[in-house]
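Please keep the sequence and the three-dimensional view at hand while reading the points below.

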Amino acid sequence: VLSAFPLAFLSVVEVRVVAMLSVVDDRGPDSKIIAVPVKEPQAAEIVDLASLPSHVKAEIHDFFLAPKILEDKSANTSRVRGWEDRPAALQKIRQGHELFFIFGQRMDAAEAKIAQLEVENASLKAAVTQQELLEARVAALEATSAKANADQTRY
């Protein structure tokens, strides 16, 4: 959120989405949504990517890349893919909402739940396979028993 005033951590502010900066780092794509407070007079004219001053774009670009560069210049894998307009940013927000509501939790918690379900699924598949083997053995024993009974009735 671009604001002329400091915003308290975890504060709730009504904002207007104006753009998105697409970044790729060692963990994959990472979209940075850029917004301004709706009720802030200094931001009244910032409504989309075209109205975002070029020096602000440069500051935002550097803000997101500088920590990666400072961590380890030789291993810096962060790359800016570019700026995207307001509709693309709103679409990315919608996609995030859909993912959140599909999983009903934060992404890291959802990934942990998926891993847990995959382990349970593998366990159930093993149990089903074991059950199928037991059923096949029972069927073979029943067939052998039926043949033995048929052979006894012949004699």
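1. Terms for the elements. Helices (H or I, at least four residues) and strands (E, at least two) are DSSP runs, numbered from the N terminus. Under that definition, glutamate 40 is placed in the loop between strand 2 and helix 1. The model is a predicted one, in which local features need pLDDT of at least 70 and side-chain atom pairs count only at pLDDT 80 or more, while totals for chains, interfaces and linings use all residues. Residues are numbered from 1 along each chain as its sequence is written, and side-chain values use heavy atoms, with hydrogens and water left out.

2. Overall arrangement. The chain contains three helices and three strands. Read from the N terminus, the order of the elements is β-β-α-β-α-α. Of the 155 residues in the chain, 18% are buried; buried stands for under 20% relative accessible area, exposed for over 50%, and partly exposed for values in between (1.4 Å probe, protein chains only).

3. Contacts along the chain. A contact means heavy atoms within 4.5 Å. Among contacts in the chain with a separation of 6 or more, 61% are between residues 24 or more positions apart.

4. Glutamate 40 counts as buried because its relative accessibility is 8%. Apart from its neighbours within four places in sequence, glutamate 40 is in contact with Ser3, Ala4 and Phe5. The C-alpha atoms of glutamate 40 and alanine 4 are separated by 8.2 Å, although these residues are 36 residues apart along the chain. Alanine 43 lies in the loop between strand 2 and helix 1 as well, and its relative accessibility of 4% makes it buried. Beyond its neighbours within four places in sequence, alanine 43 is in contact with Arg16, Val36 and Pro37.

5. Lysine 32. This residue belongs to strand 2 (residues 28-37). Is lysine 32 buried or exposed? Lysine 32 counts as buried, since its relative accessibility is 17%. Its side chain makes a polar contact with the side chain of aspartate 30 at 2.7 Å. A polar contact is a pair of N or O atoms within 3.5 Å; within protein, one must be able to donate a hydrogen and the other to accept it, and residues adjacent in sequence count only if both atoms are side-chain atoms. Residues up to four places away in sequence aside, lysine 32 touches Ala19, Met20, Leu21, Val23 and Phe64.

6. Phenylalanine 64 and its aromatic partner. Phenylalanine 64 sits in helix 1 (residues 54-71). Setting aside residues up to four places away in sequence, phenylalanine 64 touches Leu21 and Lys32. Rings of Phe, Tyr and Trp (its six-membered ring) pair if their centres lie within 6.5 Å; planes under 30 degrees apart count as stacked, over 60 as edge-to-face and the rest as tilted. By this rule there is one aromatic pair. The ring centres of phenylalanine 63 and phenylalanine 64 are 5.1 Å apart and the ring planes stand at 85 degrees, so the pair is edge-to-face. Phenylalanine 63 is exposed, at a relative accessible area of 57%, whereas phenylalanine 64 is partly exposed, at 25%.

7. Leucine 10. This residue lies in the segment before strand 1 (15-25). The phi angle of leucine 10 is near 65 degrees, a positive value in a residue other than glycine. Leucine 10 is exposed, as its relative accessible area is 71%.
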